[in-house]
Structures are given as structure tokens and as C-alpha cells.
Amino acid sequence: MLSDTHFHLSSILNRGIDIAALLKQMSEKKFLFALDIGTECDDFYKHKSVFENALKQLTEEEQKYIRSVYHFSCGIWPDENAIEDRFNQCKILEKIVSDNFDEICALGEFGVDRHYNKNNVIEELELFSLQM
């Protein structure tokens with residue numbers, strides 16, 4: 001049995017991969033757990049919409065199974081814009097998490113990214129702490 005604890009539905013969609021076919025395979029292979037990671041303060045609704053639209057193409061049994069193993073997280077990956085607009089973005093994120101608390105099982109993706117972000121260390125750390 002398989003699990004995927006970290007994937008980005010938006011990246012999969014942007015690559016032209018058929019989301020319904022992917023979910024069908026997850027059902028057929030009896031995935032135990034799948035976590036769709038949010039990376040922007042307001043991308044939960046986009047992820048949820050893509051997921052729900054893809055589910056409509058599955059059988060009722062497949063839909064039921066996928067709903068039982070598919071989960072969402074919300075968070076802000078610390079790109080330059082997110083760091084600069086951290087207070088506003090965290091308010092948006094907090095509202096979305098509060099409004100959808102029963103559908104969100106984790107916070108993330110967030111952290112401190114020293115690979116891509118060489119500047120604004122203090123502000124990036126603040127964005128990280130605001131999300132916790």
C-alpha cells in the first residue's frame with residue numbers, strides 16, 4: 001500500500017496531468033494517505049475545486065475511498081512576495097483555516113528556505129513564526 005505525504009496538486013495540474021486519472025489510480029492502488037500541500041495563503045479553494053471537479057469523473061465507490069484518504073494542508077511558502085506581504089497573507093491564511101478547519105489536517109508548506117531566499121532573513125523568520 002502506498003501513501004504520498006507531500007504533493008502539490010497545482011504543480012501536477014500545471015504539468016497537464018489528468019487529475020481524475022491520478023485519483024482513480026490512487027483508489028485502485030489503495031493509497032492509505034495523500035496530503036495536498038498548499039503553498040500560497042489563498043490556494044486552498046483552488047486545490048479543493050480541482051479535487052472536487054476531478055472526483056466527479058470517478059465512480060461513487062472511488063469517490064468515497066478517495067475522500068477517506070485525501071487531505072489538505074494550508075501554508076505559505078516563503079517567496080519574496082509572501083515575505084514582504086507576510087502580515088496580510090497570514091491574515092488571509094488564518095481566515096481560510098478557521099473557515100475550513102474540518103477540511104484542513106495540517107499547516108504547511110512553510111519554513112525557512114535558505115536555498116532560494118538569501119535575503120530578508122529576519123522577515124522570513126517572522127513569516128514562519130506568524131504561521132505557527
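A: Helices here are DSSP runs of H or I with at least four residues, strands are runs of E with at least two, and both are numbered from the N terminus. The model is a predicted one, in which local features need pLDDT of at least 70 and side-chain atom pairs count only at pLDDT 80 or more, while totals for chains, interfaces and linings use all residues. Residues are numbered from 1 along each chain as its sequence is written, and side-chain values use heavy atoms, with hydrogens and water left out.

A salt bridge is counted where a side-chain nitrogen of Lys or Arg lies within 4 Å of a carboxyl oxygen of Asp or Glu. By that criterion the structure holds 7 salt bridges.

One of the pairs is local. K24 and E28 form a salt bridge at 3.9 Å, N to O; both belong to helix α2 (residues 19–28) and stand 4 residues apart, about one turn of the helix. K24 is partly exposed because its relative accessible area is 33%, whereas E28 counts as exposed because its value is 53%.

Another pair spans the chain. E103 and K48 form a salt bridge at 2.5 Å, N to O. Beyond the pair itself, E103 and K48 take part with E52 and R67 in a network of salt bridges.

A further bridge joins R86 to E126, at 2.7 Å, N to O. R86 lies in helix α6 and E126 in helix α7, so the pair ties together parts that are 40 residues apart in sequence. R86 is buried, at 12% relative accessibility, whereas E126, at 29%, is partly exposed.

Surface patches are a separate matter, since they are made of residues with over 30% relative accessible area and no salt bridge; like charges are joined within 9 Å, and nonpolar side chains (Val, Leu, Ile, Met, Phe, Trp, Tyr) within 5 Å. Accessible areas come from the Shrake-Rupley method with a 1.4 Å probe, and for residues only the protein chains shown count as cover. Lys and Arg count as positive and Asp and Glu as negative, without His or the chain ends; a charge is placed at NZ of Lys, CZ of Arg, CG of Asp or CD of Glu.

E40, D42, D79, E80 and E84 form a negative surface patch. Among them, E80 sits in helix α5 (residues 80–84) and is exposed, with a relative accessible area of 61%. A nonpolar surface patch of about 340 Å² is made by V112, V121, I122 and L125. Of its members, V112 is placed in the loop between β4 (104–107) and α7 (121–131), and its 39% relative accessibility makes it partly exposed.

Contact means heavy atoms within 4.5 Å. G75, in the loop between β3 (70–74) and α5, is buried at 0% relative accessibility. Apart from neighbours within four places in sequence, the contacts of G75 include E40, C41, G108 and E109. I66, in helix α4 (residues 60–69), is likewise buried at 0%. The C-alpha atoms of I66 and M26 lie 7.4 Å apart, although the two residues are 40 residues apart in sequence. With neighbours within four places in sequence set aside, I66 is in contact with L23, M26, S27, F51, L55 and L58.

Finally, the backbone. Most residues other than glycine have a negative phi, and most peptide bonds are trans. G108 and E109 are joined by a cis peptide bond with an omega of about 25 degrees, and E109 lies in the loop between β4 and α7. K30, which is not a glycine, has a positive phi of about 55 degrees; K30 is found in the loop between α2 and β2 (33–36) and is partly exposed, at 36%.

Conventions
Buried < 20%, exposed > 50% of the residue type's maximum accessible area, 1.4 Å probe, protein only.
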